[in-house]
Amino acid sequence: MPTDMDLHEELAALAEQVRPSPAPSEAVMTRVRRARLKRRVGASTAVAAIGVAVAVALTPVVARQQQFAVPAPDGPFLGWQTAGEAANTALVQQAERAWDSPAGVAAPRAAHHEVRPLLVTQDRMLGAVVVLQAYDATGDPRLAFFTTNKGVASQGLMLRADRRLTDPADTKVVSLVSSRLQGDVGTTASDHWGTYAIVVAAPGVEGLKVSSTTIDEELTQNDAARNGRFLITELPISSTALTTTVRGYMGSRTLFTTPADGGAVGDAQPVPVTVIGSSDHSVVVSGDVTSVRRGQYAATAAGMVGEVTAVDRAASTATITLVTSPAFTAPAYSNIDIHRGHIHGDETGLRMTGVSTTEVLEGNRIMVADPAQKDDLAGALTVGRVAAIVDSSSATIKPSADLAGLRTMYIMVPSN
Amino acid sequence: MKTDDEQLDAYVRANFGRLLRVAYLLCGDAGRAEDLVQTALMKTALAWRRLRWEEGIDAYVQRVLVNTFISAQRRRSWWERPLGWVSNQAASDPYVAVDQRNVLRRALGRLPARQRTAIVLRHYQGLSQEETAEAMGCSVGTVKSLSSRGLSTLRHDITGGGVDDASQDRGASYAY
């Protein structure tokens, strides 16, 4: 990475490329004159409007708060009009072809029918983005997400996620969060902000906001959004649907706050489990443990909880050794600079060793690669933050998950 | 004594190029940069008489430019962004010969708006943390975080990112 001086020089060289158009001051003054004219017209109109407003104020009027209601379902489908470029039928047809033959081999007949587009748009990073509803070949209503393969643009749209539709009478928003939306199906991005959230909400929703526990608090916007009923936004590469929350607004009113729905092909699948027993260093959980194996990690939206160390399929239970257990150890790295070390539980809590503590600071987020993601960075779990530097190569870590108040969590299982 | 418009015209002639270069680093697009600067100067012109002269017009224009950019980023509809943003930039820019500049421009463009703004103000314009906080309307602590994050992401992007070979010796277990 260049030094500060190098960066300044490189930015300066980049900026020198731009040249102003001829007579920029004339363009500015033209805008100024137009703006002044608008103000004068607006002032005249305001004077007249004041008279009307006074008359209205004298008459009691009960303001009716605008109501939000999910549009009536279209059979088993969401009854939402298409968001974005509704008229771009070429993209919809391209997505349909990708859905019918995701392996790239032409299908003898269309597998999906009664296709209804929910979103058709272009994004500067993902390329074309399309979300479709349709019946599949077995008659099940499905929801699918498509983005371009940026590595091979000629491949067109790729099927990224294919899910069963939820109850259309109750669904206010659908979403996808993944770092596997830009290259070949299932491959992860490599840049620090390589995860994307695609969110589409019901008509009537005026703004959306996506937040993630992987983003530091001071970077999170707190004002209500008025950015429309669909949103495509970048997130840190460690973000997943588990760590992401979607909020919808009508004006300043929050209509819903909900976890993101799920990930893309290749992403780890979170299996929900419930705590049914606990000890100092472990918890026993209950749930569908069919796909659960020893060595998989458990987490909440806040962070990593521990590692599966035993599975009892007959009882549908699993034992999770907590990250603070002396029996737990894993490779770890600092999020901001990827300085590597190991984390260990000990009698006092959690500690990171084998890392130069001149390179990590108090408050730095510490990550552990999720084996179910089959990638070092994508979907990595936040195990905690540096609480205090102990010596030149170790630091104590404050776990991010609330280990004392565990009720439910998710075991991260690799996709098939 | 010059009229307000004559003073404004003189200010625009003297500073448009400088402001355009800042806006270009923020927007990544010459057309949008020109629009951003014109909008910021128009807003400044409307407040010309009310400006607190001891503050200096430059600081005011800077603040308006930054706020207008960040507000526009928040409001922009996603379908306004052209497909193939990077390739369009390369085709229209006659000065691009050095691959490193393209790498930096793409990396800069991928930063979130506030991180990009902090990087440009701190490392291109050379503003102090306090001056940057003033221009962005945030705390010095936030400027530090934004700069730190932005530099980290730029570093990762420019150097290619990803997992280095040394990671293969970590002994991580991938249980299925």
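How many aromatic pairs does the structure hold over all chains? Four, and I will come back to two of them in a moment.

Hi everyone. First, some housekeeping. What you see above is a predicted model, where local features need pLDDT of at least 70, side-chain atom pairs count only at pLDDT 80 or more, and totals for chains, interfaces and linings use all residues. Residues are numbered from 1 along each chain as its sequence is written, chains are lettered from A and ligands numbered from 1 in the order in which they are written, and side-chain values use heavy atoms, with hydrogens and water left out.

Let's start with chain A. Its secondary structure comes to three helices and 23 strands; helices (H or I, at least four residues) and strands (E, at least two) are DSSP runs, numbered from the N terminus. Of its 416 residues, 50% are buried. Buried means under 20% relative accessible area, exposed means over 50%, and partly exposed is in between, using a 1.4 Å probe and protein chains only. Now take the contacts in chain A between residues at least 6 apart in sequence: 59% of them join residues at least 24 apart. A contact here means heavy atoms within 4.5 Å.

How confident is the predictor? We read that from pLDDT, its confidence in each residue, from 0 to 100. Chain A has a mean pLDDT of 86, and 88% of its residues reach 70 or more. Among the elements of chain A, helix H2 (residues 24–57) has the lowest mean, 67, while strand E14 (residues 297–299) has the highest, 98. A word of caution: where pLDDT is low, the predicted coordinates should not be read in detail.

Back to the four aromatic pairs. Rings of Phe, Tyr and Trp (its six-membered ring) pair if their centres lie within 6.5 Å; planes under 30 degrees apart count as stacked, over 60 as edge-to-face, and the rest as tilted. One of the pairs is Trp99(A) with Phe146(A), edge-to-face, with 5.9 Å centre to centre and 75° between the planes. Why does this pair tie together parts that are 47 residues apart in sequence? Because Trp99(A) lies in helix H3 (residues 89–100) of chain A, and Phe146(A) in strand E4 (residues 141–148) of chain A. Both Trp99(A) and Phe146(A) are buried.

Another pair is Tyr297(A) with Phe328(A), again edge-to-face, at 6.5 Å centre to centre and 65° between the planes. Tyr297(A) sits in strand E14 of chain A and Phe328(A) in the loop between strand E16 (317–322) and strand E17 (329–334) of chain A, so this pair joins parts 31 residues apart in sequence. Tyr297(A) is buried, with a relative accessible area of 6%, and Phe328(A) counts as buried too, at 1%.

On a 1 Å grid over the protein atoms alone, a cavity is a set of points where a 1.4 Å probe fits but cannot get out; a pocket is an open set with protein on both sides within 12 Å along at least five of seven lines, and lining residues have an atom within 4 Å of a point. The whole structure has four cavities of 30 Å³ or more. The second largest cavity has a volume of about 120 Å³, where volume is the space filled by probe spheres set on the points, and grid points are joined across faces, edges and corners. Its lining has 20 residues, and nearest its centre are Thr243(A), Thr300(A), Ala380(A), Leu381(A) and Thr382(A).

The second largest pocket has a volume of about 690 Å³. It is lined by 36 residues, with Gly262(A), Gly263(A), Ala268(A), Gln269(A) and Pro270(A) nearest its centre.

Finally, chain B, which has eight helices and zero strands. Of its 176 residues, 52% count as buried. Look at helix H6 (residues 113–124) of chain B: its twelve residues reach 15 Å from first C-alpha to last, close to the 16 Å expected at 1.5 Å a residue. That expected span is 1.5 Å times one less than the number of residues. Ten of the twelve residues of H6(B) are buried, so this helix is largely enclosed by the rest of the structure. Just after H6(B), Gly126(B) takes a positive phi of about 75°.

Methods
pLDDT = per-residue confidence, 0-100.
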